[in-house]
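Subject: Structure handover

Hello,

Here is the structure for you to look over. My notes follow below it.

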Protein chains: 2
Amino acid sequence: MQKFNISFLPDKKKVFITEEVNLLQAAAEAGILVKGSCGGDGTCGRCKVIIKEGNYTTKQTGKLTKEQLAGGYVLACQTTAESDLVVEVPEASRLSEHQVLLEEETVGEAVSQTSVDPLFKKIKVELPEPSLTDSMDDIERLKMAVRKETGIENLRVSLNTVSNIPGILRKEKWKVTVSLADVLGYTEIAAVESGWDYQKYYGLAIDIGTTTIVVNLVDLESGQTIAQKGSYNQQAVYGDDIISRIVHATEEKNGMEDLRNAVLKSLNELISQLASENHIDINVINYAVCAGNTTMVHLFLGIDPKYIRLEPYTPAINIPEPIRAEEVGLQICKTAWVYCIPGIASYVGGDITSGAQVIGIDKTEKVTLFIDVGTNGEMVLGNQDWLMACACSAGPAFEGGGIKCGMRAMRGAIERLDVISDTLDVEYSTVGGAKPVGVCGSGLIDCIAGMHKAGIIDRTGQFSSNLTNQRIRNGDDGPEYVIVSKENSGNGQDIALSEVDIKNLIRSKGAVFAGIRTMLRKMDLPIEIIEEIIIAGGFGRHISIKDAISIGLLPDAEFEKYKYIGNSSVKGAKMVLLSKTARDEAVQLATKMTYLELSIGNDFMDEYVSALFIPHTDMTLFPSLSE
Amino acid sequence: MQKFNISFLPDKKKVFITEEVNLLQAAAEAGILVKGSCGGDGTCGRCKVIIKEGNYTTKQTGKLTKEQLAGGYVLACQTTAESDLVVEVPEASRLSEHQVLLEEETVGEAVSQTSVDPLFKKIKVELPEPSLTDSMDDIERLKMAVRKETGIENLRVSLNTVSNIPGILRKEKWKVTVSLADVLGYTEIAAVESGWDYQKYYGLAIDIGTTTIVVNLVDLESGQTIAQKGSYNQQAVYGDDIISRIVHATEEKNGMEDLRNAVLKSLNELISQLASENHIDINVINYAVCAGNTTMVHLFLGIDPKYIRLEPYTPAINIPEPIRAEEVGLQICKTAWVYCIPGIASYVGGDITSGAQVIGIDKTEKVTLFIDVGTNGEMVLGNQDWLMACACSAGPAFEGGGIKCGMRAMRGAIERLDVISDTLDVEYSTVGGAKPVGVCGSGLIDCIAGMHKAGIIDRTGQFSSNLTNQRIRNGDDGPEYVIVSKENSGNGQDIALSEVDIKNLIRSKGAVFAGIRTMLRKMDLPIEIIEEIIIAGGFGRHISIKDAISIGLLPDAEFEKYKYIGNSSVKGAKMVLLSKTARDEAVQLATKMTYLELSIGNDFMDEYVSALFIPHTDMTLFPSLSE
C-alpha cells in the first residue's frame, strides 16, 4: 500500500498516511478538527478543504459550487491522496473557528441558597492518643474522630490510603487534615495529610453536550467558580448528532474508542488549560460532577450506546456509579471520583435532571414547564406533586443544523432580526457586533416571525407567489429570502433563508409545541395551567419570547411567566458538586420523573401535524395573536 | 564488586551473587527455603549448610559442634563467598522438609447448621423485556430482577461489567445467570453470563499463620470443601516469630515487599496446585476469605505493621475492607473479592475472631474458654453476655521454638511420651510412626509431666541432684535428660531435654495459665466458673489433657469440659465464606470482644510468677492433683 505525506495549512502540520485514508481522517490524525456533521458521508458538505499541491481522487457530491470546484475545493471526507499533498483548511470548515460562548457566572438562586457541603472536602481532626488501655486500631480511631467532627456514619478507607496513615498520625502528634469524598452510599477517607495547614482543593462541574463541552473549575471550600472554559466536543468529527455518533460507535472498528478518546481529549484539554491558567496542579482537583445526555454519558464512560438508537430505545444505564478519574481517563487527581448525574431515559439524560434540579421543579407548587432545546428538544412538566419528561425530535434546526445559513450563537451570528414590512428590508444585530456570517436560533425565529408578518410566507411556510422584491429570488433549493447580501456579509456569501429551511424550522417548532401539548393531554390539563416556563440552553439566550410565541414555538403565556436559565446542565452539575443534599435530590428527581415516549399512540402525531402551521391550526391556543 | 556462582545441592540450582550477599539470602534467591528462625542473626543455628567446594568467609557463632565444623558445616546466614561455591543444603535445614499436616475435613457443628448463603453465588434470572411503555434502563431492569429473586436491596455494578450487559441480555432473550458478590454493605453484580447453564464456582478459605498456611478450596454451591493444602509460610526465611518479621518489614530495605511477596508466593503456589490437581481454572475461584493474626493480615495487605511492635501496640487496622484479588496479588479471578476476618488488637487477630465464631462463644450461656496456643498464646473467655480476649507472650516453645529438640507436629515428632518411674526409661509414639527426630508440643508436655512425676525435676523445673541414671547427664546447656539416644533416633543425634528447655516450657505454660487467671480476676470470677474449654491449633491435636493439667498449663477441670477443635482459623474462614450471616456476626464478634492488655498493672505479673511452678504455687487451684 502506498503512503503519502499530507501537509495542512496554515497549521503547518504533517501526517504520513496510507492511500485509503481520506483527508477528513488525515486532518483528525494531524489534530485539526474539521466539521463532519454527517459523519463522513459526503452529505453535509461542511468539510470543505482546498488542495494546494498534489494529485488526488475525489467523489463528486453536488455540495460544491462551480467557483469552489475551480478554486480547488474538495470535501475532505470524499478525497484520498495519489501523491504527497498540501491542503489548506479554511476557517469556515474548522470546528474551533470560534470560542464557545460562556455565560457570565450567574449562579442560579437555588445554588446560592444551598450552603456549601461539597462531595469532597478537607477537615481538621485531632485524635485521642492510643494507650495501653485503649487498643483501638488507627483506622477506627481516625473514623471515630471524623464521625465526631462531621456526624458521618458510613466511612470507608481504601487500602492504598491505610498504609500511610499510622506514620502520619504519629509524626503529626494526632492532628491531621482528612480528605473526605462522598461516593453515593458511603464516604471515603480519601487522604490523610500532615498538620492543619492544607492546600486549597477544587472540583469540576462539567457539561458534556453533543456539540459543546463546558467545564467550571470550582473552589470547593468557598463554592466559588474560579474559572470556566468551553470548547467543541471533538466527537463532532464523527458526526453532528447523537444518532451519527451511535452509528460510528457501534459500526466502525474502534468506534467506541474513537468517541471516548475524542470527548476525553476535549475535556482534558480544557482541564489542562484551566489548571495552568489558574496556576493549580491537576492533582488538587479532587472531584468531578458531569451532566450530559444519555448517549454522551455512555460514550464518556465507555458503555455501548447501541440500544439507545433501536426500538424500544433502552439505555444500558441511567444511574451510573461514581468512578475513579484514573479509570475513566479524566486527567485530574487519579483517585478523584467522577460522578455523572442520573438520566431518565435514552433521550432525556442527566443534563435534563441537572436542569430540573437547578430550577427546583420538584419543590414548587406552580406547574412549571422546563424546556431545553439544543441538538434535540427535551422538556419537563410538573411540580412538587407530579413530573413528566419527554424528548421531541426537534432536530438541530435551532442550533443551525440543516439550515443553510444556520449557525450556533457565535461571533457573527445574527441573533436578533426585524423584517421591515413595507420594504422587506432587514434590521439585525450580531453576536459580538461582527459582520454577519449566518443566523443563529433566536435570529431564525425572528426571521420566520417577520417573514410571516410581512406576508413573505403564508401559515404553512410557503413563499407568497404575488410578491416581488429584490430580496426574494429563486435559489438552488427553490424560493429564498436574502437576509444579507454577500457585499455586506462577513464571509463574502449571501445569507438567505429558503423555503426548505423554513419548512425545516416549522417542523422543529411543531415538534416542540406538540411535545408540550402531548404531556398536557396525558395529564388532561389545559395549556393555561402552566404557571412558569423556564428556558435553558444557548438557544434561549437572546430569544424574543414574543416572536417565539407568534410562530407557535412556545405557549401563548404572559411574558412574566417566562424565565431564562442559561446552561442549566453545568449549573446543576455545580450544585450537585457543592451539596450532598442536592446530589441525593438529583437521584430522587431522576427516579421520580415519568418518561413519556412520544412515539407511542397517535397523540403526538396528531399534535405535530396540527402544529405545522404558523402558529397552529387551532388559533384558540394563541388568543393573544387574535387580539 | 566481585560476583560468584553458587550451586546448591541436591537441588542443582544456581545463583550468581555479589560478594556481600550471604548464603541464606543466596538460597532464598535460588528458591530454596532454608530455616531462618532468628531472621539471620546467627543466634538460632538452624540454617546449617555444608560447603562442598570453594573458598568462603564465615563468622564463628558457637552453634556448630566440632564434628559439624570438621564436616564443612557453616551457618548460611554468617557465610559469604570468596570464590564460586558448591553448597549442600541438608534436609534438616529446610523449611519444606515435611508436608504440613492437614486434618481430615471435620467441619465444625456451627458450619453444618448454617445453610449455604455464600459471599459469592450465581443465580438464574429472567428479566421482563423492555418496551416503548417501559423505558427502564438495562441495569435497573437487571437489578429489579435480582432484587425480586433474592430480596437484596443494595446492588451495585462496576462499570467494566456494565458494558457487556446490554448485548448479553438481548442475545439470551433476557434469561441470564448473574454472579453476586457480597462486599460488606452492598452486593456487587460481578458478572452476567449467557444462559442458565453456568460453570461451577469456587471460593477459598485461607488461614495465614505465622508458620504455616492452609488453603481450603470450597465449592460455593454445595458448601463442600473440594480439597485442602497446607505449606510453610515462606516468610519464615525472614524469622520465625512475628517480632522478627516486623523488624524485617520495618528496618530492611524492601522489607515490606519481601514479606508480602513471600506470603503471596506461598498462597499462590498452594492455589495453583489446588486448581491444577482439581482440574479447575483459577478464574472460577471467585471469593477468598482469610483469617490470620494481625501482623500476618497487615503484611498480606501491604500495610506497615511497625506500631504493632511498639508500645502501646496499636495496629494500623483491625477491620479491613474487602479488596480485589488483583489488587492484593492473589492469583484467582482478578475481580474476585478478598476479605480478611476482622481482628481485635495487635496480638489478638482475625484468626481468633474466626475461632471464636466457629465455637459460637457469643451464642452460648456457658462460660467458655477458647485457647489457641501457637507461636503466641491467645485466649477468649466469656459467653453470650460478655467476652474478653487476651494474648499472653507464651512464645513458640510448644511449637518447638527455643527448645533444642523441639519441633512441630510433623513426621518423626514424638507426640506422646511416658517416663517409666523406676527405670527412667521412655515409651513414646511418633507422628507417622517414623523414627524420632524431635519432640512436638504434646510430647513436651508429657515429658515434663513424666519427669516431674518420676522426680527427675522438682516443682521449679530444676534437675534433682541426687539421681543418677544414664539418661541424665551434663550437656552443653547444663543438666539434660536423654529421651532417645542417637543410636535410636532418626537423625543420628541424641534427643534430649535440658533444664534450660524445661524452664522455657515452664515460662510458656505459666504465661498461658496466668493469662486465664488474669481474665478471671478482671471479671472477679473463680476458675470453677468455666464450663467449657476449647483448644484450637495443631498444638492441641494429641495433647494429654491429664498431663497438661498436671504441669499447670490448663485449668484443673473435668476432662468432659475439654474439646479439641483443630484449625479453627480456617474453619471460621470457611464458615464466613459460606454465610453472609456468619460474616456479619464475625464483625460484631470482633467489635464486641473486650481486649485485655496483660502488660498493664501487676495482676498478670503476679499470676505469672505464681505459675512458674509445677503445677502452681497455689495448689488449691489444682484440687485433683492433691487427691
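I start with a pairing in chain A: strand 21 (residues 413-419) and strand 23 of chain A run parallel and are joined by 2 bridges. Within that pair, A413(A) sits opposite G438(A) of strand 23. Keep in mind that this is a predicted model.

The two strands belong to an open sheet of 3 strands in chain A, ordered 22-21-23, with mixed pairing. Strand 22 (426-430) and strand 23 (438-439) of chain A are the edges. Each has a single partner strand, so one side of each has no neighbour in the sheet.

Strand 3 (residues 48-53) runs antiparallel to strand 5 (residues 73-75) of chain A, through 3 bridges. Strand 3 of chain A also runs antiparallel to strand 7 (residues 85-88) of chain A, again through 3 bridges.

Now the interface. In chain B, 46 residues are in contact with 46 residues of chain A. About 3700 Å² is buried between the two chains, and carbon and sulfur atoms give 61% of that area. Which residues of chain B lose the most area to chain A? They are L132(B), R156(B) and L159(B), which together make up 19% of what the chain B side buries.

R156(B) turns up again in the polar part. Its side chain meets that of E321(A) in a salt bridge, at 3.3 Å from N to O. The count of salt bridges between chain B and chain A is 3. Residue pairs in polar contact between the chains number 16, counting pairs with both residues at pLDDT 80 or more. On the side of chain B that touches chain A, helix 4 (138-150), strand 9 (155-157), helix 5 (159-162) and helix 6 (165-171) each supply at least two residues. By class, that side of chain B has 25 nonpolar, 11 polar and 10 charged residues.

Next, helix 8, taken chain by chain. In chain B, helix 8 covers residues 255-277.

Some backbone details remain. The peptide bond from E311(A) to P312(A) is cis, with omega near 5 degrees. P312(A) lies in the loop between helix 9 (294-301) and strand 16 (323-324) of chain A. In chain B, a cis peptide bond joins E311(B) and P312(B), with omega about 5 degrees. P312(B) lies in the loop between helix 9 (294-301) and strand 16 (323-324) of chain B.

Last, K173(B). Its phi is positive, about 55 degrees, although K173(B) is not a glycine. Where is K173(B) placed? It is in the loop between helix 6 and strand 10 (175-182) of chain B.

Best wishes

Key
Residues numbered from 1 in each chain as written. Chains lettered and ligands numbered in written order. Predicted model: local features only at pLDDT ≥ 70, side-chain atom pairs only at ≥ 80, totals over all residues. Heavy atoms only, no water. Contact = heavy atoms within 4.5 Å. Buried area = accessible area lost by both parts, 1.4 Å probe. Salt bridge = Lys/Arg side-chain N within 4 Å of Asp/Glu carboxyl O. Polar contact = N/O pair within 3.5 Å; in protein donor to acceptor, adjacent residues only side chain to side chain. Helix = DSSP H or I, 4+ residues; strand = E, 2+ residues; numbered from the N terminus. Nonpolar A, V, L, I, M, F, W, Y, C, P; charged D, E, K, R; others polar. Expected span 1.5 Å × (residues − 1). Pairing = 2+ DSSP bridges.
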